[in-house]
Amino acid sequence: MSKLVVCGGNQLEGEIEVQGAKNAVLPILAATILNGGKNIIYNCPDLKDVTTTVEVLKKLGCHVRRHEKTLTVDSSQLNSDTIEESLMRQMRSSIIFLGAIIARCKRAVVSMPGGCEIGNRPIDLHLKALRELGVEIRENHGYIYCDAHEMTAANIHLDFPSVGATENVMLTACLVPGTTVITNAAREPEIEDLQSFLNRMGAKISGAGGDVIRIEGVEKLYGVEHTIIPDRIVAGTYLIAAAMTGGSIVLRNVCPRHMQSSINALRDMGCELYTERNRIAISPAKSLKALSMIRTMPYPGFPTDIQSPFMALCTKASGSSMFVETIFENRFQHVEELVRMGADIRIDGRVAVIRGVPGLSGAKVVAKELRGGAALVIAALAAEGVTEIDGVGFIDRGYEHIEKYLSSCGGNIKRKD
Ligand code: UD1
């Protein structure tokens, strides 16, 4: 098992080219099976979750090749409609294949994804929406059996703007005759990227980025080329790492428009940020101020995925910050590890109160989930002494070679196997 060893105290200085977005590339790779053609996807990050998605594609019969950041997926020889339990367990978001397999094969069998490290994460909204499209669904012995021979377009209202459920409906409905309308759809930028990819393939979808999405079913889709959008959460994490160390960095290949709530929060804390169309520069705060209240919300609200990195930053701010996690019930697992490093954080249910301390100290800590792991890296970069972070596999799910990017800006961080 590898671990990250961080010797804190170095200010980050330099430039980082931000990786492609994990949450965009996963549904887009699933969508490649819809067209039975050859797809070339650029700017694919080198992540464990992307490797798992490629494994699913191969098990379904696709030919997949990677050359640096480009993935070529040929889905013409698709020969399976089943995703087995071992792959569903490795990555809960494999559920995004459900809508795509249904649309292509008119049948699908996937294992129930089950719970995961950040909470229960049910899929009731996905299944309800697919049933509204006419898919017959049976749940038996931990598997979901779908028969989709008689699908019809529908008006689908999501009780919560679930990202995955919105994507699953888009993936299925783009090949269902008639016009499907999703109301209370998720508005995340990754949904817009999926819409662009599907439309390039020949789909007729409009409205992504807003809360009403219209999907006119078409008969056939075609293989295409597409470039994945920059990862707004990874970009936010590196800005926070710079702020934590009192450093100045420049991010390239970034979309500031997708990061407004993170940019505002960093400015509220006293950091100076300069944005251009695809660049952001950050200079340190004279003194870091606490964030009075952060409430995680669906996009364009404050992202749950950046909550823990910001909490790490608030451990050093002067005054008290309050975080309310409204999306996932188990997303404070980094707190006890930050406390081991000297942070002053109290939790009551979904509320965390952070009182700034003069400094953190290095300790042995464990990453228990992806973003919480990134929070520990941020804390370690500014802590006095050495921090050893176990559970790096979680961080690798979403951050491409985190130690390389950070050490290229002067961070003292190494991976040890
Ligand atoms: C996606 C992102 C994840 C991010 C999350 C919220 C991907 C691969 N992952 O996850 O990084 O943290 O959005 O922005 O894109 N829910 C239900 N029933 C359902 C579906 C969801 O109750 O059928 C609940 C979940 O338990 C959670 C909330 O809705 O409380 C949000 O989940 P959702 O938007 O679906 O997140 P994911 O698509 O799983």
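## Basis of the description

The model is predicted: local features need pLDDT of at least 70, side-chain atom pairs count only at pLDDT 80 or more, and totals for chains, interfaces and linings use all residues. Residues are numbered from 1 along each chain as its sequence is written, and side-chain values use heavy atoms, with hydrogens and water left out.

## Nonpolar cores

A nonpolar core is a set of buried Ala, Val, Leu, Ile, Met, Phe, Trp, Tyr and Cys residues joined through side-chain atoms within 4.5 Å. Buried means under 20% relative accessible area, exposed over 50%, and partly exposed in between (1.4 Å probe, protein chains only). The largest core holds 78 residues, of which L34, F97 and L198 touch the most other members. Helix α1 (residues 22-31) gives the most to this core, with 7 residues; helices (H or I, at least four residues) and strands (E, at least two) are DSSP runs, numbered from the N terminus.

Residues up to four places away in sequence aside, F97 touches A30, I33, T53, V56, L57, L60 and I83, where contact means heavy atoms within 4.5 Å. A second, separate core has 72 residues, including M259, L338, A380 and Y405.

## The open sheet

An open sheet with mixed pairing is formed by 4 strands in the order β6-β7-β9-β8. Two strands pair if DSSP finds at least two bridges between them. The edge strands, each pairing on one side only, are β6 (82-83) and β8 (136-140). Between β8 and β9 (residues 143-147) the pairing is antiparallel, over 5 bridges. Within β9, Y145 is the bridge partner of R138.

## Ligand surroundings

Around the ligand there are 19 residues, the closest being D124, L125, S162, D305 and I327; a residue counts here if one of its heavy atoms lies within 4 Å of the ligand. An N or O atom in the side chain of S162 is 2.6 Å from an oxygen atom of the ligand. Backbone atoms also take part: a polar one of V163 is 2.8 Å from a ligand oxygen, and an N or O atom of P122 lies 3.3 Å from one.

## Residue E403

E403 is located in helix α14 (residues 402-408). E403 counts as buried because its relative accessibility is 10%. Apart from neighbours within four places in sequence, E403 is in contact with L4, I413 and R415. The side chains of E403 and R415 are joined by a polar contact of 2.9 Å, a pair of N or O atoms within 3.5 Å, one able to donate a hydrogen and the other to accept it.
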